Every structure is written in C-alpha cells, then in structure tokens.
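Dear colleague,

Please find the structure below, together with its sequence. My notes on what was found in it follow directly after.

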Amino acid sequence: MKLLESAVGSFERLLPQRKSAPASWFAALMVAAALLLLPFTLRLDGKPHADWLQFLGRFHPLVVHVPIGLIVLVPLLEFAGDARPSLREAAGFVLGLAFVGCLAALTLGYLLSYAGGDSGTDVTRHMWGGIGLTISVLACMLVRPAWTSGSVQRLYPAMLTCTLLLLAWTAHQGGSLTHGRNYLTDYMPALLKRALTIGVVQAKAPASNSFYARHIDPIFLRKCVECHGESKTKGDLRLDSYALLMEGGKDGPVIVSGHSAASLLLKRVTLPPKHKRFMPAEGKPPLTAEEIAWIKAWIEQGASPTAIRLAGIHIGGEDDEPLQPVGDYSKLIPGILALENGQGAKLLPVSNKLSDGLILNTVDVAASFGDAQLARFEKYAPYIVEAELGRTAVTDACFNTLATFTHLRALHLEGTRVTGAGLRTLAGLSQLRYLNLSNTKVTQAQLAPLRSMKKLRHLYLYNTPAQPASIADAGQPEGSNAR
Amino acid sequence: MKQHPLCTDCEQALDVLALPVPAELKREWAELETRRRFLGRTGKVLGWAALASLIGDKSLSVEAHAASDAGASAIPSRADLKLPYFAPKAKRAIYLFMSGGPPQIDMWDYKPNLAALFNQDVPESVRGTQQLTGMTAGQARFPIAPSHWSFNRYGKSGTWVSDLMPYTGRIVDDLTIIKSTNTDAINHEPAIMLMNTGNMNAGKPCLGSWLAYGLGSMNDNLPTFMVLQTQLNPKENNQPVSSRLWSSGFLSSEYAGVGLRSSGDLVLYLSNPDGVDGEVRRKMLDAVRELNQQTYEELGDPETHARIAQYEMAYRMQTSVPELADLSREPKSTWELYGEEAKRSGTFAYNCLMARRMAERGVRFTQVYKRGWDVHGDVTGVLPQLCQETDRACYALITDLKQRGLLEDTLVIWAGEFGRTVYSQGGLTADNYGRDHHPRCFTTWMAGGGSRPGITYGVTDDYSYNVVSDPVPVRDFNATILHCLGIDHNKLTYKFQGLDQKLTGPSPASVVQGLLA
C-alpha cells in the first residue's frame with residue numbers, strides 16, 4: 001500500500017513540473033494509442049503487399065540496431081553521470097534519439113511483415129514487443145526530467161530497467177524469426193542445457209507409419225516449416241500438419257490430390273531456382289530431386305495421410321514387407337572372425353545395420369564345406385538370414401542344423417547332394433522366402449511339406465525331377481519354376 | 001634425398017659454386033647453406049609443427065598421424081566404409097555394354113508415324129540449336145530415315161520390340177526398358193567414359209571399381225570385377241575400347257577390372273610353364289612377395305601392396321579360372337538356350353554364358369563389351385548382323401539367370417554410350433541409310449536385382465529426338481544402379497584432389513524411383 005501511495009505521490013509531483021507538461025503528456029498518450037491501434041487498423045493478413053513496401057521493410061534488420069544501441073547506452077550514461085555530470089546531460093538526448101530510432105525501426109518492421117505477408121506467433125510477439133518498447137522509451141523520456149530534478153527517485157530507474165528487459169525479450173523474438181528458434185541453444189554445451197532444462201529438440205518420431213508421416217512431413221519439417229510453421233507463417237500457409245497443409249494458404253489449396261501438375265506446392269519447388277517465386281525462398285536449401293519425386297508420387301497417388309506405401313517409390317532400407325530384425329551380435333564378431341580364419345567360409349553382413357543380419361558365404365571353400373563345417377555355424381544361427389550353400393558338400397544331414405537358423409530368409413542348396421527327404425525340417429523356418437534346389441534330386445512329392453510355409457515365395461527347381469510340374473502344384477503364390 | 005634402390009645412376013653432387021652463374025646467385029646459395037640458417041629454419045618449422053598439433057582439429061592430426069605411421073593406412077580401407085548402407089536387392093551386376101551406340105529407333109523406340117515422313121527434313125524446332133558431330137554438321141539436309149524393320153508387341157506388357165530381336169521380345173516382361181536415357185557427350189570416347197566413370201575425362205574410377213572398392217569380394221579366388229571382350233566382327237564399324245574403361249582411376253589398382261582374353265587362353269601364362277611345378281611357382285611368388293614388402297617398407301607406396309595382392313590373386317586364379325572356363329559339365333539345355341556359338345570363346349553368347357558362371361561363383365561385377373554398334377552407314381546391312389550376334393544371348397542370359405534363381409539378386413544392365421539420329425547420315429535410299437551419334441535420347445534396359453520388371457520408362461518425341469518426359473541422365477542411371485546394390489551414391493566417396501569424388505560427379509544426381517521394384 002505504501003508503495004502505491006508513494007507511486008501516486010510521485011506522479012503528483014511529476015505533473016506540475018513544467019508548464020508544457022500537459023501538452024507533452026497528451027501528445028505522448030496520442031502516440032501510444034496510435035501505436036497500440038496500429039495492428040488493428042492495418043492487419044497482418046498474411047498476404048504479400050506492394051513490392052516497394054517490402055523493399056523498405058527489408059531495411060528493418062539494419063535500422064533496428066540503432067535504437068538497440070542507444071537504449072543500452074542510456075543506463076550507462078546515467079551511471080557514469082554520477083561521476084561526470086556532462087554524461088548525464090547527454091543521456092536525455094540519447095533517450096530522445098532512441099525514441100526516434102524506435103519509431104523508424106517499428107515502421108520498417110511493420111512494413112516488412114505487412115508487405116512480406118508474415119504472420120505467426122513469433123511475428124506477433126515481436127511486433128507487440130516493438131510497440132511496447134517504443135511506448136516505454138517514450139514514457140522514460142517523460143519521466144526523466146522529474147528524476148533529474150530529484151522530485152521522483154525510483155520510478156525512472158524502474159522504468160528504464162523494464163525497458164531494457166523488454167528490449168532483450170523483443171530482440172530475442174526477432175532473432176528467432178531470422179535464425180530459427182534453436183539458434184542460441186543448438187550448440188549449447190550439453191551440461192548447460194541440462195542445467196537450464198532445455199529439452200533437447202529431437203527429430204520427433206513419426207506419428208504413424210504412413211508414407212506422409214515417415215517421408216513427406218519430415219521434408220516439410222526440414223525445409224519449409226521455418227517460414228511456414230507456427231512461429232512464422234508466410235503467405236498464410238502452414239505445412240506443419242496434414243490438416244494445415246491441405247488447407248493451403250492465401251492462394252488457395254497447395255495440394256490437389258491426384259494432380260501433381262495442378263498442385264501449387266510442387267510447382268513452386270520445381271521452378272527454376274532463380275525464379276522470384278521459387279521455394280524455398282531466399283537461398284534456403286532447396287528440395288532434392290528425390291524429395292520432389294516423393295512429394296510428386298504422393299500427390300499423384302491421392303495425397304493420403306494414411307497410405308503406407310506408394311507404387312514405384314522404394315526407399316533404401318525399407319522393404320515391402322518389414323524384415324524381421326536379428327539380434328545384436330556385435331559381441332560375437334571376434335568369434336566370427338576367428339571361425340572365418342579357420343576354414344574360409346565367411347559371414348558377411350547384409351548391410352551396415354547389424355539387425356539386417358549375416359550371409360553365410362561358402363563359395364571360396366565350396367568343395368570342402370560339408371555338414372560338419374555347417375554345424376560349426378550353429379552358434380551364429382539366429383543371426384544368419386541367408387545361407388549360400390550352393391555346390392557345397394552338404395547332404396541331407398544339413399537340414400537338422402538349418403532348422404536352427406530361425407531367421408533364415410534365403411537358402412541356396414543348388415547343386416548339392418540333398419535329396420529333399422529332410423525338407424520337412426525346414427517347415428519351422430517362418431521367415432524363409434527363397435529356396436533354391438536347382439540341380440538336386442528333389443522330387444515333387446518331397447515338396448509337399450513346403451506348402452505350409454506362408455512366406456516362401458521363390459522356389460527354384462531347375463533341372464530337378466520336380467521341375468516339370470512346377471511350383472504351381474505345390475500351391476505357392478507367385479510361384480513358378482522361376483518366380 | 002635417398003636414392004631409389006633401382007636407380008643405378010650415381011652422379012656426384014652438383015657443385016653450385018663452380019657453375020657459370022652470376023656471383024649474386026652464388027652468394028645467395030652460400031647463405032642458404034649456412035648452419036645458422038639451417039638451425040633457424042628448423043627451429044621455426046618445429047615451432048609451427050608444435051603449434052599445428054596444438055590447434056589442429058582432430059581429423060587433421062589423425063590423418064597426419066596415420067600418414068606418417070604407414071602410407072597405406074592413410075587410405076580409407078574398405079572395411080571402414082561399412083557397406084552396403086542398406087540391405088540391397090542386388091548382390092552383383094552384369095553390364096552388357098553395347099559400344100558404339102545402338103540405334104534406338106531400329107530396336108526399341110517404335111515411331112510408326114515416321115514412315116509417312118520418309119525423306120522429309122527433321123523440323124528445325126526439333127533439332128533446336130544442337131551442335132552436331134563433324135560427320136553430319138555439314139549436311140545440307142537432315143532427311144528422316146524411318147526404321148527399315150517393323151515392330152511387334154511382346155509379353156503381358158505389350159512392349160513394342162523390333163523384328164530384329166525376336167528372342168529379346170520373349171523376355172520383355174522381365175526388363176525395365178528406359179527410353180529416356182540421355183548423355184552430355186556426342187562422341188565415343190567422352191560418352192563411353194561418362195557412362196562408365198561418370199566423367200568425360202579419363203582418370204576416374206569406373207562403376208565396377210567403385211563396386212569392388214565399396215562392396216568388396218564375395219569370392220577370394222576370382223577378381224571382384226571382370227571384363228569380357230567380344231571378338232571383333234570385321235564387317236562392323238568397331239570403335240576402340242580401351243582398358244581405361246575398367247581402370248580404377250585414383251582408387252587402388254586392386255579394384256581395377258581384370259580383362260579376360262577373347263581368344264586362346266582366357267588369361268595369358270596362367271598355366272605353369274614346362275618344368276615349373278606348383279611348388280617352384282609358390283617359392284618364386286614368396287620370394288617376389290618378400291622383395292615387394294621390402295620395397296614397400298622403404299618407399300611406402302601403397303600400390304606395392306596392390307601389386308602383392310595381384311600376384312596372390314593370379315596364383316589363386318591358376319586353379320579358379322580353368323574351373324570357371326571349363327564348360328564340359330554344362331548340360332545340354334545350356335547349349336539349347338545359348339546356341340552352339342556359345343561354345344566358341346570370344347563370341348557374345350560365350351561371354352554371356354561366362355557372365356552367368358561368374359555370377360554363380362560370386363564375381364561382384366562382370367562387364368561384357370560388344371563393339372560394332374557405330375552404324376554410320378549401311379544400317380540395313382550391318383544391324384541384322386549385330387542383333388543376330390546379341391539378341392539370343394541376351395535372352396539366354398536373362399532366362400538362364402531366372403531359372404537358376406540368380407536374377408533376383410543379379411542386376412543385368414544393357415546399354416550403349418548414346419543413341420543414333422532419326423535423320424540419315426549420307427545418302428538415304430529406299431532400303432538403306434546411316435545414322436549419326438545422338439546423345440539426347442537412347443534406350444537402355446535393366447533386369448533383375450531390384451529393377452521393376454515389365455515397364456517402359458520415359459517418353460521421347462515423335463522423332464525419337466528429344467525426351468518428352470521422365471528423362472534419365474547418365475548420373476541418375478548410375479545412381480540407380482548403385483542403389484540396387486545397396487549404395488547411396490552420395491555417400492560412397494573418395495577424397496582425391498581436394499574433392500569428395502563419387503561416381504555420379506558433382507552435379508546433383510538422384511535415384512530414379514520409377515525404375516525400382
């Protein structure tokens with residue numbers, strides 16, 4: 001209560017300071033009101049306006065530094081004024097200049113967002129910050145004479161502090177607009193980050209396994225959302241969710257399902273890079289040919305938010321049917337290398353992903369690779385997805401070992417002495433898709449147990465007694481001798 | 001400087017002061033040779049080196065350390081590449097290279113409307129401002145030469161194929177036919193280099209070398225990358241094919257293609273000479289290896305290791321190549337499929353059969369060259385001959401791979417370095433014409449190994465002159481091939497001359513998704 005009283009008291013003491021006081025207070029009120037009404041009279045509608053306005057507006061980032069510097073200078077001058085009174089005299093002048101600078105920067109900034117068609121939360125915050133800052137500088141100007149004359153003590157320093165805080169906040173919003181929100185924290189030491197409990201922004205896991213969620217949305221997130229997102233929304237277009245994407249922007253919808261040629265989004269990203277309307281604008285990294293191809297195919301095939309796969313689009317590492325990953329065998333690698341050195345048969349990784357498994361490769365030692373040698377790989381059985389035993393010395397006894405290869409997807413037994421009597425042992429290999437029995441003595445009757453294997457699609461029986469009747473009789477889908 | 005051990009030239013050190021040079025130079029030389037200067041400079045150098053090690057970034061110092069440690073270890077080894085990047089559809093590839101530029105209009109790119117335009121000029125709007133070769137640039141007219149052969153539809157896909165290739169017609173449902181392949185080069189050497197190495201200038205590694213470097217060997221007893229040449233037919237216009245097409249460029253020469261001969265012994269001097277048995281040969285190789293190792297320790301040239309590896313490979317090939325070339329155990333059905341000429345070494349059919357045998361034995365990349373497609377004149381005389389030599393063999397190779405279960409993980413590629421013009425080079429008569437080089441569109445095909453069977457990709461205009469939709473530039477073609485083998489073309493790079501070199505070159509290339517299964 002006391003504080004309030006003192007504040008009111010100080011205001012009373014303020015008023016009769018100068019004869020012109022009521023006039024200047026009135027003028028200041030009018031300016032403040034005009035500034036506060038600006039966003040409502042001249043709405044940021046997200047549409048671009050005259051080019052020359054934008055030309056002027058682009059000087060905002062340059063001009064904005066003038067008031068910043070001046071505002072920061074004011075408290076320094078006031079402090080130093082304790083020792084050197086001439087500096088304190090200068091502070092009033094600098095404050096006046098800062099106000100003029102604020103007005104100029106505010107005008108240009110407003111032109112920039114108005115003419116450039118910007119909108120979004122960060123833009124709005126920055127705008128209100130700028131308006132508030134201008135008004136508070138103006139208020140400081142009004143209060144300062146009372147402070148220098150000693151009639152008010154604390155009000156002016158308090159207002160100046162508020163102004164500085166507001167300056168910092170507004171400047172941060174502006175910085176976020178130009179450099180992106182994570183600009184300051186991206187390279188912050190992890191320790192500091194944790195101390196400040198800033199969540200490490202990680203690529204969010206796709207919300208679903210649809211093609212849109214896995215591939216299309218991440219493209220927008222990488223290349224577009226900086227300007228077409230929540231914090232900054234150019235052209236009234238947001239690409240940060242499926243619904244908003246389909247809603248389109250100021251020029252209407254940007255995606256026309258089924259018609260890539262009519263889809264504005266695709267048009268803009270495929271313009272010649274020098275073109276005025278090319279997106280991403282302003283030299284930001286363009287979309288790659290692959291990204292464009294995916295978007296094109298996605299639009300042409302219905303721009304669905306749920307479709308999981310697109311015809312003709314195959315993305316590395318993805319299979320039509322997800323392959324069952326094998327476990328982590330990294331601890332076994334020394335053992336594998338030792339085994340290879342011992343006998344020449346190799347376990348080659350399918351790819352650099354451990355979970356893709358290993359291929360048992362015997363071609364170097366085919367003639368001497370028999371059932372006993374195969375048995376030595378039993379330890380690694382769950383990690384082997386393909387066994388190349390073609391033209392080796394294995395016999396029917398190999399099937400007992402092979403039954404433990406639970407992740408086996410492809411089995412080559414061409415040109416071996418297996419007779420097919422043991423084929424039924426393979427029935428438990430639920431992942432087996434490919435079985436090559438060419439040039440063996442397998443007969444049609446022996447193939448019967450394979451019928452229960454749902455995933456077995458490719459069975460090769462070239463040059464076997466079983467060949468003529470072909471797999472069609474064995475009831476396999478897509479089956480023939482060849483495919 | 002240390003003298004090279006092989007250098008027998010033992011000259012005296014030069015006495016500069018005795019040379020007839022200006023006194024000023026002599027004074028400068030004398031100053032340079034002072035102890036004070038030597039110590040001063042050494043101190044500075046050491047200072048800088050210490051500073052560099054203090055501030056140098058980690059990778060730099062690691063590289064420098066590795067380089068000083070052992071020359072070879074500075075070179076990224078294959079195991080460090082961690083390839084393939086993703087589970088590949090194809091484990092190996094067979095590239096049937098039709099050197100000279102097969103005429104797409106007479107073989108694949110069916111343009112029935114051209115018959116009505118016989119001997120009319122190609123509209124200038126179609127030719128545009130294209131610079132032609134020196135062979136036809138001076139021609140007063142560019143008369144349209146419609147194909148001499150009629151086309152038929154084949155397969156479930158109803159693909160049009162020329163009557164020149166009745167056998168290939170039977171396998172169209174297994175092929176991915178690309179009508180919109182296009183290249184930047186209009187003459188043989190740059191065009192063939194571009195197809196094979198991604199660069200028109202010699203000196204870059206070819207596709208096979210990149211694969212050998214990136215994916216390594218599946219069979220230690222045979223080279224990872226083998227090249228088969230087809231014997232020349234003197235009636236055809238044979239453009240030269242040189243070994244730089246299977247060169248490893250700046251990669252270690254271990255990754256270069258090993259060419260087999262097209263007549264006589266596949267590899268010269270492979271069998272031991274009279275009076276030398278295996279044991280003697282082994283001793284000799286061990287001794288050579290020791291000498292090479294000494295040289296390496298002295299000079300540190302990593303190529304010495306490549307040489308040692310090649311000697312060992314040659315030794316193992318003494319048994320593996322005769323086994324590879326032994327066709328006596330091929331069943332009768334093989335000859336029924338490939339034809340009797342496959343028994344004669346050096347024919348295209350024989351090479352296709354060998355390519356299948358290499359695929360079975362885990363050779364990563366086999367390239368078969370067939371020359372003679374450069375039909376500048378007498379198309380109706382030469383082209384049937386060329387197609388007769390290749391048509392059945394292509395069919396046989398695909399069919400054979402398919403029935404043996406190999407086509408699923410073997411990518412077969414059929415391509416030349418460019419196409420041929422719709423207009424006639426030289427005189428156009430009712431039944432003969434010539435065709436010049438044409439880079440703007442040509443037809444290629446792929447099969448198996450993750451390609452999308454039974455489709456035709458890309459559209460050309462009515463004159464088979466320009467690509468209308470879905471162009472496939474050479475770099476995209478190569479990026480797609482690498483993709484099928486589990487390689488991201490942007491990631492398989494090799495630092496050389498300050499660049500991260502890659503097969504597809506510096507221009508952005510992309511995998512053609514439409515070609516993939």
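**Two packed helices in chain B**

In this predicted model, helix α13 (residues 348-360) of chain B and helix α14 (residues 379-403) of chain B have axes that come within 8 Å and cross at roughly 20°. Angles under 35 degrees count as roughly parallel, and α13(B) and α14(B) are therefore roughly parallel to each other. Their crossing is right-handed.

On the side of α13(B), the contact is made by F348(B), A349(B), C352(B), A355(B), R356(B) and A359(B). On the side of α14(B), the residues are E389(B), T390(B), R392(B), A393(B), A396(B), L397(B), D400(B) and L401(B). Sorted by class, the residues of this contact comprise 9 nonpolar, 1 polar and 4 charged.

Helix α13(B) itself is mostly covered, with 12 of its 13 residues buried. Among the buried residues are F348(B), A349(B), C352(B), A355(B), R356(B) and A359(B), and these residues also belong to the contact with α14(B). Y350(B), N351(B), L353(B), M354(B), M358(B) and E360(B) are buried as well.

**Chain B as a whole**

Chain B contains 15 helices and 17 strands. Of its 517 residues, 46% are buried. When contacts between residues at least 6 apart in sequence are considered, 75% of those in chain B join residues at least 24 apart.

One residue of chain B deserves a separate remark for its backbone. D470(B) has a phi near 55°, which is a positive value in a residue other than glycine. D470(B) sits in the loop between β14 (467-469) and β15 (472-473) of chain B. Is D470(B) buried or partly exposed? It has 14 other C-beta atoms within 10 Å and is partly exposed; a residue counts as buried at 20 or more.

**Two packed helices in chain A**

In chain A, helix α5 (residues 65-80) packs against helix α8, which covers residues 155-179. The angle between α5(A) and α8(A) is about 150°, and their axes are 10 Å apart. That angle makes α5(A) roughly antiparallel to α8(A), and the crossing of the two is left-handed.

Which residues meet between α5(A) and α8(A)? I68(A), I71(A), V74(A) and P75(A) come from α5(A), while L160(A), T163(A), L164(A), L167(A) and A171(A) come from α8(A). By class, this contact has 8 nonpolar residues, 1 polar and no charged.

The 25 residues of α8(A) should span 36 Å at 1.5 Å a residue, and this agrees with the 36 Å between its end C-alpha atoms. Several residues of α8(A) are buried, including L160(A), T163(A) and L167(A), which also take part in the contact with α5(A). Further along the list of buried residues are T170(A), Q173(A), G174(A) and L177(A). Just after α8(A), G180(A) takes a positive phi of about 95°.

**Loop residues in chain A**

The loop between α10 and α11 of chain A holds K232(A). K232(A) is buried, with 23 other C-beta atoms within 10 Å. Leaving aside residues up to four places away in sequence, K232(A) touches D118(A), G120(A), D122(A), V123(A), L177(A), E226(A) and C227(A). One of these, L177(A), is among the buried residues of α8(A). D122(A) is 110 residues away from K232(A) along the chain, yet their C-alpha atoms are separated by 6.1 Å.

D236(A) also lies in the loop between α10 (211-223) and α11 (242-247) of chain A. Its phi is near 55°, a positive value in a residue other than glycine. D236(A) is buried, with 20 other C-beta atoms within 10 Å.

A cis peptide bond links M279(A) to P280(A), with omega of about -5°. P280(A) belongs to the loop between α12 (264-269) and α13 (289-300) of chain A.

**Where the chains meet**

Finally, how many residues of chain B are in contact with chain A? There are 28, and they meet 27 residues of chain A. The side of chain B that touches chain A has 11 nonpolar, 10 polar and 7 charged residues.

With kind regards

Conventions:
Residues are numbered from 1 along each chain as its sequence is written. Chains are lettered from A and ligands numbered from 1 in the order in which they are written. This is a predicted model: local features need pLDDT of at least 70, side-chain atom pairs count only at pLDDT 80 or more; totals for chains, interfaces and linings use all residues. Two residues are in contact if their C-beta atoms, placed from the backbone, lie within 7 Å. Ala, Val, Leu, Ile, Met, Phe, Trp, Tyr, Cys and Pro count as nonpolar, Asp, Glu, Lys and Arg as charged, and the others, Gly among them, as polar. Helices (H or I, at least four residues) and strands (E, at least two) are DSSP runs, numbered from the N terminus. The expected span of a helix is 1.5 Å times one less than its number of residues. Axes are lines fitted to C-alpha atoms, for helices over the stretch in contact, and angles run from 0 to 180 degrees between N-to-C directions. Angles under 35 degrees count as roughly parallel, over 145 as roughly antiparallel, 65 to 115 as roughly perpendicular and the rest as oblique. A crossing is left-handed if the near helix is turned anticlockwise from the far one by less than a right angle, and right-handed if clockwise.
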